[in-house]
Structure formats: structure tokens, C-alpha cells
Amino acid sequence: MSSVYDLIVIGSGPAGQRAAIHGAKLGKRVALVENREVVGGACINTGTIPSKTMREAVLHLSGYNYRSIYGMNYRVKERITMADLAFRVQHVIKTEIDVTQAQLSRNNIEVLTGSASFEDPTHVRVSNSRGTTVYEAAATLIATGTKPATSPKVPINGTTIINSDLVLDLKTLPKTMIIVGGGVIGVEYTCMFAALGVRCTLIERRPRLLEFADQEIVESLSYHLRDSRVTMRLNEEVESVESMDDGTVVANLESKKKVTGDTLLYAVGRQGNVDELNLPAIGVEADNRGRIPVDKDFRTKCPNIFAAGDVIGFPSLASVSMEQGRVASARAFGDETILSNPSYYPYGIYTIPEISFIGKTEEQLTEEDVPYEVGVAYYREIARGQIRGDTTGRLKLIFHRENHSLLGVHIIGEGASELLHIGQAVMALGGTIEYFVDTVFNYPTLAECYKVAAFNGLNRVSKLD
Ligand SMILES: Cc1cc2nc3c(=O)[nH]c(=O)nc-3n(C[C@H](O)[C@H](O)[C@H](O)COP(=O)(O)OP(=O)(O)OC[C@H]3O[C@@H](n4cnc5c(N)ncnc54)[C@H](O)[C@@H]3O)c2cc1C
Ligand SMILES: NC(=O)c1ccc[n+]([C@@H]2O[C@H](COP(=O)([O-])OP(=O)(O)OC[C@H]3O[C@@H](n4cnc5c(N)ncnc54)[C@H](O)[C@@H]3O)[C@@H](O)[C@H]2O)c1
């Protein structure tokens with residue numbers, strides 16, 4: 001027995017980092033266990049940061065956003081290689097790891113490298129190549145995240161059949177690509193590869209992509225995907241995948257169709273990292289997707305063990321994981337003052353074009369019999385939209401017909417995920433759409449979309465009343 005801590009955090013992704021730092025700020029002795037060589041979790045090393053940096057590199061090098069101005073053949077670099085993309089990604093990953101490492105060390109958080117497992121509710125074993133050490137902790141937070149879901153019928157080989165962890169290991173850019181899974185990961189990577197000129201086939205077993213997003217916005221994205229020569233196979237389930245002798249890959253669909261490509265990306269969801277934790281030692285059980293059940297305070301069935309981030313399931317976002325980690329850490333030390341309202345959690349989907357939304361969709365409000373109206377603004381009608389060369393973007397406000405309170409904001413277009421935060425603030429402060437009419441925004445900015453959409457919505461209400 002070597003050390004006693006107030007809090008041991010398992011996993012150094014967004015949830016673990018925030019929990020550890022919050023505990024340290026409360027003056028507690030905190031250790032953070034991480035089984036990778038570096039901190040940052042899937043977020044920095046394989047997920048959010050690499051994919052968003054790759055997107056930025058794709059948009060820059062392909063000149064994609066400026067083709068509407070300079071013509072379809074406009075390129076910043078003629079032959080874009082995987083090495084060009086990986087170069088920028090590796091630089092950002094390294095910087096983010098350094099920033100995180102410095103933050104942890106400034107807060108006196110001890111980083112223990114190794115794989116953590118429970119001995120009992122107050123003892124955590126950490127095993128690495130040097131052996132195993134047992135640590136005592138008054139409270140422990142499980143923030144072990146997820147890994148790509150696998151199937152015995154899809155033999156990932158790292159070259160022609162890959163998952164999202166392996167995208168940047170591709171040596172060459174394929175000519176054709178099959179993407180299995182029309183969730184966020186599948187759709188984001190489809191957009192990137194399509195923007196690079198790769199002929200993509202996207203296969204999704206549900207009737208629509210991104211089933212939690214507003215239907216009109218998804219329809220608009222589907223138009224862009226088709227425009228980038230993406231073939232969408234909806235309502236189709238991939239049953240198995242085979243590598244062929246000529247180096248190509250075939251996806252066998254349940255409908256007996258076969259889809260052929262140079263590379264296949266398998267992105268059908270993720271599985272919680274719980275196998276190594278020895279959960280029976282604390283009386284906790286994960287479900288079949290490795291998700292750990294918690295109460296509203298992120299407490300598991302074992303009173304001094306908490307869980308946060310992707311390992312507890314939906315919505316599995318870096319932004320939300322950070323917040324869950326912070327709240328869980330507060331609760332572990334009896335602090336009830338920190339509250340967080342999931343109704344105001346935003347979504348940013350980094351497709352091309354970007355999608356971002358908050359609040360209810362039209363489908364949800366219809367289902368709930370809420371009388372609503374919409375107001376829409378098109379980027380093409382806004383000077384900044386013309387200047388940026390994005391003439392297809394659109395912002396939709398959804399508001400209550402009677403009291404005009406803002407119920408949802410749905411945006412598709414460049415800058416959507418930043419622009420959304422104006423609507424988020426108005427919603428969180430209980431504002432009405434009159435706020436946008438009565439407020440002067442900088443000119444020329446995309447923020448003007450809020451004003452135009454509010455006028456549009458109010459006009460619709462007055463015409464109908
Ligand atoms: C391709 C991709 C793109 C994404 N893009 C976005 C995005 O744009 N925006 C967004 O908000 N979210 C995005 N996400 C989701 C986001 O990355 C996750 O929500 C976030 O990383 C979850 O954080 P976490 O702290 O729960 O776990 P993670 O970031 O997964 O970190 C968990 C860490 O725990 C370690 N660990 C596991 N088991 C043990 C153990 N037994 N002992 C010690 N250490 C252990 C793991 O190795 C890992 O380093 C994306 C995810 C992927 C895969
Ligand atoms: N911008 C972001 O916020 C962002 C970006 C990437 C990932 N993420 C997070 O990562 C998590 C995992 O993303 P994901 O896209 O892997 O999972 P997902 O669960 O969101 O989507 C997987 C999709 O694959 C489909 N599918 C499953 N099996 C299939 C089969 N055999 N054939 C065809 N389709 C099949 C499912 O119907 C589903 O639509 C998400 O929960 C998301 O929150 C977030």
C-alpha cells in the first residue's frame with residue numbers, strides 16, 4: 001500500500017481531467033490513472049481533436065469553401081496525401097497533450113500510468129510493465145470512455161478495413177470508400193473524404209442519417225452529400241465484410257446487395273471501456289454496450305464510486321463529458337451547489353457543411369403538441385455569407401407561437417457550432433425571439449441570421465394570426 005487519495009480518477013479524457021481538476025481546486029489529494037502513454041483520452045488522441053483537425057486540413061488544402069467563388073477546380077494543393085493531413089493532426093495532438101499535462105501538473109494532480117482495476121470499493125490496483133501497486137481512495141471516478149464497437153464479421157486489418165481510431169494511419173488516400181454507419185462519426189468522415197474527391201458509399205441501417213437531428217437539416221445535409229457524389233444506402237444493414245484477393249473490400253448487405261470499395265470504415269457505435277475494471281469487486285454491472293448506470297449525481301450503485309463521460313452513454317460528447325466530470329467530482333465531496341441543465345447542452349456536428357443545434361426539433365414539438373412557429377434565415381441573404389462564400393447555409397429558430405420563447409435553434413452552414421452559442425444564451429436566460437429583433441449585431445457577421453430569422457418568424461405569426 002503506497003498512497004492514500006481523496007479521489008482517484010480512472011481515465012484522462014475530458015471527463016477525467018475536469019473531475020481531477022475540480023477535486024484539486026477543492027484542496028483534495030487527487031490521482032489520475034491513464035493506461036495510454038499520454039494523457040488526453042480518446043478525445044485528444046484518436047477522436048475529437050484528430051477528426052476536427054483533419055477536417056480543417058481538408059477544407060484548407062482542398063479549397064472546398066472557396067469553390068463557389070473561384071470555381072469548382074480551385075485547390076490550395078493539387079495532390080493531397082494522407083501525410084499532408086496527418087502532419088497537421090499530429091502537431092495539434094502534441095500541443096493539446098502538452099497543454100493538458102501542464103494543467104494537471106499545475107494543479108498537483110499525480111498522473112499514474114497503468115491500467116486501473118478495483119480490488120474493493122476503496123482500493124484501486126494500477127498495473128503497468130513495472131508491476132502492480134494498490135492505492136487507497138475515499139472516492140473513485142470511472143471515466144474510462146469507449147472504444148469502437150467490433151464485429152467478428154468485420155475483420156479490421158488497419159489497411160483496407162479500418163475503424164475511426166485508424167483513419168489517420170491510412171498510408172494513401174483511397175479512390176473509393178465504403179462507410180458503414182450513418183451516425184456522427186460515419187457522416188463526418190464521409191464528408192471529409194468526399195471533399196477530397198474520394199467516391200464514398202455510406203451505408204446506414206436506419207431510414208435516415210443522424211436520427212437525433214432536425215429532419216429538415218438532415219435533408220439539407222443529404223443534398224450536400226449527394227452533390228459531393230456520395231451514394232447513400234439507407235435502410236440497409238451490413239452483415240459482413242470481406243477482403244478480396246485484388247486488394248479491394250466487399251460489404252455484404254442483409255438485402256444481398258454487395259458494395260465494393262478500396263477501403264471500408266466501420267463506424268457503427270462504441271463500446272464502454274469496462275472489461276479491465278473488475279466491476280464485480282464493487283458490485284457494479286455494465287450493460288451489453290459497456291455502459292455503467294449512474295444516478296443524477298453520477299453515483300454508481302456503490303456509494304463512493306462515480307462514473308462520467310462516454311462510459312455512462314448518451315450523449316457521449318467531449319463537451320458534456322467535461323461537465324459530467326466536474327459535477328461528479330463536486331458530488332463526491334458533498335458539494336450540491338454546482339448544477340447543470342442538460343436542456344441547454346448544444347450539439348456540434350462537423351460535417352461539411354457544419355451542423356449545430358440546441359433545444360427541441362420540429363418533430364419533437366409536433367409529438368408533444370406544442371404550438372410553435374419557425375423563422376428561417378439563409379446565409380445567401382446575409383452579407384457575411386456572401387463574403388465567406390457560403391451561400392447554402394441556413395439558420396432556423398423555433399419558438400412558441402404564444403409567448404415567443406425560444407425552443408430550438410438549428411443551423412447548417414460554416415461556423416454553425418460557434419454561431420449557435422448566441423441562441424444558447426438566449427434560451428438559457430429564458431429569452432424570447434424579440435431579443436434578436438431589438439439587438440444590434442456587428443455587421444457584416446453571420447450573427448445577423450438571428451435577426452433575419454426572428455423577423456421572418458414574427459412575420460409568419462402575424463400573417464397567420
Ligand atoms: C472520431 C470521433 C470524433 C469525435 N468528435 C467529437 C466532437 O467533435 N465533439 C464532441 O463533443 N465529442 C466528439 N467525440 C466524442 C468525444 O471524443 C468523447 O465524448 C470524449 O472523448 C469522452 O471523454 P471521456 O473522458 O469520457 O473518455 P475518453 O476521452 O475516451 O478517455 C478515456 C481514457 O481512459 C483510458 N482508460 C480506459 N480504461 C482504463 C483503465 N482501466 N485504466 C486506466 N485508463 C483507462 C482510455 O485509454 C482513455 O485514454 C468524438 C469521438 C470520436 C471517436
Ligand atoms: N461532433 C460530435 O459531437 C461527434 C463526432 C463524432 C463522434 N461523436 C460521438 O461518438 C459516438 C459514436 O459515434 P458513431 O457514429 O460511431 O455511433 P452512433 O451510434 O452515433 O452511430 C452508429 C450508426 O451506425 C448504424 N449501424 C449500426 N450497425 C450497422 C450496420 N451493421 N450496418 C449499417 N449501419 C449500422 C446505426 O444505425 C447508427 O446510425 C456518438 O455517440 C457521438 O456522440 C460525436
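This is a predicted model: local features need pLDDT of at least 70, side-chain atom pairs count only at pLDDT 80 or more; totals for chains, interfaces and linings use all residues.
**Overall dimensions**

The chain contains 13 helices and 22 strands. Along the principal axes, its C-alpha atoms fill a box of roughly 70 × 60 × 40 Å. A compact globule of 465 residues would have a radius of gyration near 23 Å, and the 24 Å of the chain agrees with this.

**Helix pairs**

| Pair | Angle | Axis separation |
|---|---|---|
| H3 (residues 48-62) and H5 (residues 82-106) | about 140° | 9 Å |
| H1 (residues 14-25) and H8 (residues 318-332) | about 35° | 7 Å |

Helices H3 and H5 pack at an angle of about 140°, which makes H3 oblique to H5. The crossing of H3 and H5 is right-handed. On the H3 side, the contact is made by Ile49, Pro50, Thr53, Met54, Ala57, Val58 and Leu61. Helix H5 contributes Asp84, Leu85, Arg88, Val89, Val92, Ile93 and Glu96. Sorted by class, the residues in the contact of H3 with H5 are 10 nonpolar, 1 polar and 3 charged.

The crossing of H1 and H8 is right-handed. Residues Pro14, Ala15, Gly16, Gln17, Arg18, Ala19, His22 and Gly23 represent H1 in this contact. They meet Ala318, Ser321, Met322, Gln324, Gly325, Arg326, Ala328, Ser329 and Ala330 of H8. The class count for the contact of H1 with H8 is 7 nonpolar, 8 polar and 2 charged residues.

**Ligand shells**

Ligand 1 is surrounded by 39 residues, of which Gly11, Gly13, Gly41, Gly145 and Gly309 are the closest. Several elements each supply at least two residues of this shell: helices H1, H2 (41-45), H3 and H8, together with strands S2 (30-34) and S4 (115-120). By class, the shell around ligand 1 has 14 nonpolar, 20 polar and 5 charged residues.

Around ligand 2 there are 24 residues, and Gly181, Gly183, Ile185, Val268 and Ser316 come nearest. At least two residues of this shell come from each of helix H6 (184-195), strand S10 (199-204) and strand S18 (347-349). Helix H6 gives the largest share, 4 residues. The shell around ligand 2 divides into 11 nonpolar, 7 polar and 6 charged residues.

**Backbone features**

The peptide bond joining Phe314 and Pro315 is cis, with omega about 5°. Pro315 is placed in the loop between strand S17 (305-307) and H8. A cis peptide bond also runs from Tyr443 to Pro444, where omega is near -5°. Pro444 is found in the loop between helix H12 (434-438) and helix H13 (448-464).

Asn278, a residue other than glycine, has a positive phi near 55°. Its place is the loop between strand S16 (270-272) and S17.

Key:
Residues are numbered from 1 along each chain as its sequence is written. Chains are lettered from A and ligands numbered from 1 in the order in which they are written. Axes are lines fitted to C-alpha atoms, for helices over the stretch in contact, and angles run from 0 to 180 degrees between N-to-C directions. Angles under 35 degrees count as roughly parallel, over 145 as roughly antiparallel, 65 to 115 as roughly perpendicular and the rest as oblique. A crossing is left-handed if the near helix is turned anticlockwise from the far one by less than a right angle, and right-handed if clockwise. Two residues are in contact if their C-beta atoms, placed from the backbone, lie within 7 Å. Ala, Val, Leu, Ile, Met, Phe, Trp, Tyr, Cys and Pro count as nonpolar, Asp, Glu, Lys and Arg as charged, and the others, Gly among them, as polar. A residue is near a molecule or strand if its C-beta atom, placed from the backbone, lies within 6 Å of it. The radius of gyration is taken over C-alpha atoms; the globule rule is 2.2 Å times the number of residues to the power 0.38.
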